[in-house]
Amino acid sequence: MLKIGILGLQGAIREHAQAVKNCGAEAIEVKSIEQLDQLDGLILPGGESTTMRRLLDKYNFMDPLRAFAREGKPIFGTCAGLILLAKRLTGQEKAHLELMDITVERNSFGRQKESFEAEIAIAGVAEDKMTAVFIRAPHITEAGENVEVLAKYDGRIVAVREGQFLGCSFHPELTEDSRLTAYFLQMVEEYKMIENKVCN
Ligand SMILES: NC(=O)CC[C@H](N)C(=O)O
């Protein structure tokens, strides 16, 4: 069974764990860096990216997370998690993990739309549209040449993939529709196959 970690420092942790279990994998709430070794893939949940960054520093997660990525292991960032993955943040000098070749703007859907649901199509995941829950959501203003744009809302990029990394502006764990989580687990499965080939 695939072992999927959910970074458990702050944010929507339990809902992601449930979505992972619904898709038939084991969900592990990650609270210390020692737990990273046993994982096949990792989810960075939504929450508040500044708070999350403070906790990542406090518990010395930054370098181990970058090492996890260097091993080629898949990471899925949702909302605040997407902000953590970005190489560039609008209006901020320093980004966080700097793993995905994207520029992200925080809180970009205006006041009246602080929290809303929308029906969006996601390439390779939900061509027929699915409900996406946006909560003080960021969006992607620039995507590098190796980044695949999977979804847009209101002309703005809200879901992307770059090789082993997947990111979205919304909260896929807050609806019953687990298709995006299932897509991520498929990425993890593919990574495992590649890893086994290299080892054998
Ligand atoms: N729902 C979310 O994760 C919101 C992200 C939040 N606005 C931030 O900047 O971190």
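Biologist: Does His-171 count as buried or exposed?

Modeller: This is a predicted model, in which local features need pLDDT of at least 70, side-chain atom pairs count only at pLDDT 80 or more, and totals for chains, interfaces and linings use all residues. Residues are numbered from 1 along each chain as its sequence is written. A residue is buried if 20 or more other C-beta atoms, placed from the backbone, lie within 10 Å of its own, exposed if 12 or fewer, and partly exposed in between. His-171 has 23 C-beta neighbours inside 10 Å, so His-171 counts as buried.

Biologist: Where does His-171 lie in the secondary structure?

Modeller: Helices (H or I, at least four residues) and strands (E, at least two) are DSSP runs, numbered from the N terminus. Glu-173 lies in the loop between E12 and H5, and His-171 likewise lies in the loop between E12 and helix H5 (179-199).

Biologist: Which residue of E12 does Gly-77 stand opposite?

Modeller: Strands pair if DSSP finds at least two bridges between them, and strand E4 (residues 75-78) pairs with E12 in the parallel sense over four bridges. Both faces of E12 (residues 165-168) are covered, with Phe-165 and Gly-167 buried on one side and Leu-166 and Cys-168 on the other. In E12, the residue opposite Gly-77 is Gly-167.
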